[in-house]
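Please look over the sequence and the model first.

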Amino acid sequence: MAKSIDVSDLNIYYGDFLAVEGVNMTVKARSVTAFIGPSGCGKSTVLRSLNRMHEVIPGARVEGKVVVDGQSLYDPSVDPVAVRRQIGMVFQRPNPFPTMSIYDNVLAGKKLNAKRMSKSDADALVEKSLRGANLWNEVKDRLGKPGMGLSGGQQQRLCIARAIAVEPDVLLMDEPCSALDPISTSAIEDLIHELKSDYTIVIVTHNMQQAARVSDETGFFNLKATGQPGRLVEFNPTKKMFTNPENEATESYISGRFG
Amino acid sequence: MADLDDKTLTTATTADPDRPPLTRPQLPAAAPYITAAISWGLSGAIALGLGWGIAGWIVVGWAIFLVALPAWSRALEGGRKAVDRMVTILVWTTFAIAMMPLVAVSWTVIERGAPAFSVEFFTSDQSGVIGIGGGVLHAIIGTAIITLVATLISVPIGIMAAVYLVEYGKNNRMSRILTFLVDVMTGIPSIVAGLFALALFTLLLGPLPRLAVGGSIALSVLMIPIVVRSTEEMLKLVPDELREGAYALGVPKWRTITKVVIPTALGGIVTGATLAVARVAGETAPLLLIAGTLRSINTNPFDGGMQTLPVLIFSEATKGAARPEYVVAQLERAWGSALVLIIIVMGLNLLARVVGAYFSPKTGR
């Protein structure tokens, strides 16, 4: 079920502004890939182009190829809505739907698409997803309460539960822990380890320890120079990246000498 | 480093003109009341001596108060507090001035309108009544039906236009033109909206049409821009993160709008629509032109005219009568109808608050 992603010669634009240039990489199935790099270098932009969320922004467009299991995502005949059903996403700031209960938030992917399911199936899916997101024990007695009433860390795990409830092939995470305390962060990192066996995960993070802890492979993004587009500087297994990086810029970024 | 430590130490221990102490003398909590009593007492003495009326007493007392309290404060508390007290007085004064017409109008309408209220007033119409007697049920029903139909026309159009502007238009040429036209529409005088409906139905039905639904159309011309504007503002308040959250679950755009964006903004949308209803419920001119006047109950908006409360007030207050006591009865009826209208509009405003609170997203804390 988990799928690999091949990216080739990807150029990403906001209107006329070239934000990211010439990205080539292969994200392996059933593994965790981390994107690191300084702010504004296009990590999130690349991530968002992997499930066609980039084009939601007016004027944004993409050149090049993103191939998931042999299917080119930017083929004119591809429906972006169908792509997003297979490639889920968790955002930097938790965004549970404020009008829905915890229960309905988990089922949002099904309910908003008007999928009919029996009460017992729905209950089972909610429990499975919340257990998958390590949230079940904390909320099982108040599933009918609004999702906005949870703490920030719980809301983020609710969003992860919501994303895995639609059973995507790939899960994209855009700095999922940047607004969370160390305990919630650790809960989410444990979760990423567990999810790895079923999903392909791509995570953007500013926290290099986190990248080292959770990921199998790491991509380092950087700007060519100030005012120039961002690019992928190095893409290697995390172990190699953090012990013996190929690129000098990577080494100075990881060791904290710049950025 | 040693210099810095020394400097910190000196500022903390000795009096420095650039660093005033943290404690200052303060006026007692009752100071404003004491000053007010003295100000108006003084003003009263002057007013009695010079033979002024109540207005002079209030204004002079206010002027003394406006000077005295800040002066006292300045002497004791310093300039910033004195300015604060003066501005506080001015703000309260403007608030009181703004409240005056509201209180005066409510008081007059209740005083003169309440005596008209009776069972007959609410249960019968004016058919066959000359001068004294009869009720305004026909006008209450007419106002209800005409505004309801106007709401049914304008709320869907207004909400859909706002959805286009916010979700699809994205500041393109079409949406800019639309926004401009909505702004122009907001400024249309109500009589022009009435003329529009009159002209429309003259074309369709011949000269001088009398049709209640025409009144609804005239009112909806006035309502649509209000609904568009308020809905647009509410939809803009929905964070993009919620839209992206829905898109990321593979939800199509139209379902995102109907199931996520509109429910999140529903409280504000309903409040805006209810306030728009309250705004047009009191319109007179367009209804006078197209819905006309009627002495009996008509419940079919597509068949003939309808009496409404504002038109009833206008006609009862302006028409002549054979005997003087008829004029008194007509004026009383007009005041009573005005009170009914105010009660309806205030009820709608309260309803808007309740409905807005009911639909707004809950945090569950």
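Where is B:Gly250 found?

## Basis

This is a predicted model, in which local features need pLDDT of at least 70, side-chain atom pairs count only at pLDDT 80 or more, and totals for chains, interfaces and linings use all residues. Residues are numbered from 1 along each chain as its sequence is written, while chains are lettered from A and ligands numbered from 1 in the order in which they are written.

## Loop and helix H11 of chain B

B:Gly250 is found in the loop between helix H10 (240-248) and H11 of chain B; helices (H or I, at least four residues) and strands (E, at least two) are DSSP runs, numbered from the N terminus. B:Gly250 counts as buried because it has 22 C-beta neighbours inside 10 Å (buried: 20 or more other C-beta atoms within 10 Å of its own, with C-beta atoms placed from the backbone). Neighbours within four places in sequence aside, the contacts of B:Gly250 include A:Val81, A:Arg84, A:Asn113 and A:Val166 (contact: C-beta atoms, placed from the backbone, within 7 Å).

H11(B) has a kink of about 60° centred on B:Leu266 (the angle between axes fitted to the seven residues ending there and the seven starting there).

## Strands of chain A

S6(A) and strand S7 (residues 170-174) pair in the parallel sense over four bridges (pairing: at least two DSSP bridges). A:Gly88 has A:Leu171 as its bridge partner in S7(A).

## Domains of chain B

The domain assignment, automatic or from a database, gives domain 1 (2-114) and domain 2 (120-363). Their C-alpha centres lie 44 Å apart.

Conventions:
A residue is buried if 20 or more other C-beta atoms lie within 10 Å of its own, exposed if 12 or fewer, and partly exposed in between; C-beta atoms are placed from the backbone. Two residues are in contact if their C-beta atoms, placed from the backbone, lie within 7 Å.
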